[in-house]
Amino acid sequence: MEPVSIILILLVLVLVLFATEWVPVDVTALLLLAALMLTGLLDPDEALAGFGDRTVLTLASLFVLAQMLLRTGVIGWMVQLLTGAPGRRGAQPPASGVSLIRRLLGGVTAVSTVTSNTATTAVFLPVMHALARRTGVPASRVMMPLAFASILGGSVTLIGTSTNLVVSGFLPELGLERLGFFELAWVGVPGAIAGLLYLFFVAPRLLPERDSEMEQEVRAYISDLTIVEGSPLIGQTLAGAALGRDHGLTVVAVRRDGRTFYAPDASFGLELGDTLAVESDSEGLLAAKAGLGLVSRSEEKLSLSGLESEVRLVEAVVMPGNELIGRTLRESRFRERYGLSVLALHRREKTVERLGNLRVRGGDVLLIQGTESRLRSLGDTFAVLADLTEQQRDGSKAPLAAAIFVGALLLSGLGLVPLVTALIAAVALALALRLLSPAEAYRSIEWPVLILVAAMLAFGGAFQSSGAAEMIAGWLAGVLQPLGGLGALAGVYLFTLLLTQPMSNQAAALVMLPLAVGVAGALGYDPRPFAVTVALAASNSYLTPLEPSCMLVYGPGHYRFADFLRVGGGLSLITFVLTLLIVPLVWPLAGAS
């Protein structure tokens, strides 16, 4: 059988598998690689070269660095900055619910210019849900805008979405230069501004109003947190600190110099050394520890010097027969016996007792922190419910993490070193300085995405070398030629957008890129504007919930498939029109009629 026929058969099969997801997309990619080698279209070295491609290594590095920013509290700090949380000195006055949501959406778009839109959506999802609940806005009115805002930022920089990196990485195979770091910003910035205005003023009229609850159980923990030097809470009243409204903490008592003030009123002033008995969920407690200068004394007494990156945090329920039952944590010498720290305790009824004085009962849930080896020593009388390690934040390392990330971008942006070099160096620094552990770095990488990209890079090469791309491009050129240069660009954009619905953005881009370049060549146009159009069309997918960012909000927002078509249709039209208006001006078609 001719190579062209084999390639076309494989293309059809891959499109069907991507669209139906009878097997996971990464498995489909591996099957494709195997087929390319078994049919002799590529030898093993050619087929596997994609796994060492700089695009794949760049993506892996970005996944790790995004986790570093989350782990060290950089993104949490940005959230506080955007929402004007009064828990910080010099914070802005609290905004109304609508303006606060709009401000956060703008921040999401900004953050997603330098992190993947999927990671950005995942990070801001609980923040947006809590904000909606606090302001009384149905989650269905904010979850879809969150996903769309993250996608809008992806077209501003080269690293804003993995699709841009994939397109840039494949361009040299087609005889074109890679995309510049801010090259797509000519369209991405106007698109982000217009898209946000659409989300602010038009989308609210189209979004459904449905009640939504996060599926996981939210446990209210009791914990003792002490105000330490440098805390923004020092000198503030409870009303001014807005711990409940902006941080989800309920202060049930304050202990100072041996005295306990139960149910303190809003005018109660906070001082250095005060110990607050608070109730909150695990996320609120961890965020407070990271951003408000609050520490758990039990954690502080447990010496974990030099082991920060190895420390894990788990929820564990006290099982019947546990020796702790009927005794306090102090009486049982829990910290000395296990080498672990209990940060908080969950119990159905409320209590204002000091955590160390609470008598443990069967069924209590403890928030326990310590090394993995120590946690294994808990035995069968504790049942671990969840590992919350990824929620921990170490705010003291945020400036260092931000400096490493910004430094890498500057080195690359100024042309001093290639992007992949700067990012790999940043990852090495983050690991060496223990901003995150190697195990956490490996867990942060989205391996299915890397496998998909590596396999599709190999397929793209075979698609080009076999002559299949040239043949299909010739057919497309014949269809689009009567439409002129602008019509050809519009056809490439719409065809790419159509392909992104049943298959991943990266795969659609890699299938369309050689076709678009071939169409440009056949019609006598410069191929670069066509390549840019493919990148923009593949990155801006709003019509269905199949895009990963949209999948993240589909359940929490209680959406239906048609909701995305109704709301996303307007955004798709905006990006389509802006692309056709701006691309020919910035990247001339050179011969368009």
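Helix α10 supplies the largest share of the lining of the largest cavity, 4 residues. The structure described here is a predicted model, and a search of the whole of it finds 2 cavities of 30 Å³ or more. The largest cavity has a volume of about 90 Å³. Its lining is formed by L152, S155, V187, G188, G191, A192, Y493, L536, N540, T575, L578 and T579. Both α10 (185-201) and α27 (561-586) contribute at least two residues each to this lining. In terms of residue class, 6 of the lining residues are nonpolar and 6 are polar, while none is charged.

The largest nonpolar core comprises 141 residues. Within this core, the residues with the most contacts are L36, M68, F148, L199, M456, F459 and F530. Helix α24, spanning residues 505-523, provides the largest share of this core, with 13 residues.

When residues up to four places away in sequence are not counted, L199 touches P145, F148, A149, L152, P204 and L571. Of these partners, F148 is itself listed with L199 among the core residues that have the most contacts, and L152 also belongs to the lining of the largest cavity.

Attention then turned to backbone geometry in the loops. Most residues other than glycine have a negative phi. D257, although not a glycine, has a positive phi of about 50 degrees. This residue is found in the loop between β2 (250-256) and β3 (259-262). D257 counts as exposed because its relative accessibility is 77%, and the cut-off for that class is over 50%. R333 likewise is not a glycine and has a positive phi of about 50 degrees. The loop that holds R333 lies between β6 (311-318) and α16 (334-338).

A further loop residue, V23, is placed between α1 (3-20) and α2 (25-38). V23 is classed as partly exposed because its relative accessible area is 25%, whereas a buried residue would be under 20%. Not counting residues up to four places away in sequence, V23 touches L17 and T28.

Methods
Residues are numbered from 1 along each chain as its sequence is written. This is a predicted model: local features need pLDDT of at least 70, side-chain atom pairs count only at pLDDT 80 or more; totals for chains, interfaces and linings use all residues. Side-chain values use heavy atoms; hydrogens and water are left out. On a 1 Å grid over the protein atoms alone, a cavity is a set of points where a 1.4 Å probe fits but cannot get out, and a pocket is an open set with protein on both sides within 12 Å along at least five of seven lines; lining residues have an atom within 4 Å of a point. Grid points are joined across faces, edges and corners, and a volume is the space filled by probe spheres set on the points. Ala, Val, Leu, Ile, Met, Phe, Trp, Tyr, Cys and Pro count as nonpolar, Asp, Glu, Lys and Arg as charged, and the others, Gly among them, as polar. Buried means under 20% relative accessible area, exposed over 50%, partly exposed in between (1.4 Å probe, protein chains only). A nonpolar core is a set of buried Ala, Val, Leu, Ile, Met, Phe, Trp, Tyr and Cys residues joined through side-chain atoms within 4.5 Å. Contact means heavy atoms within 4.5 Å.
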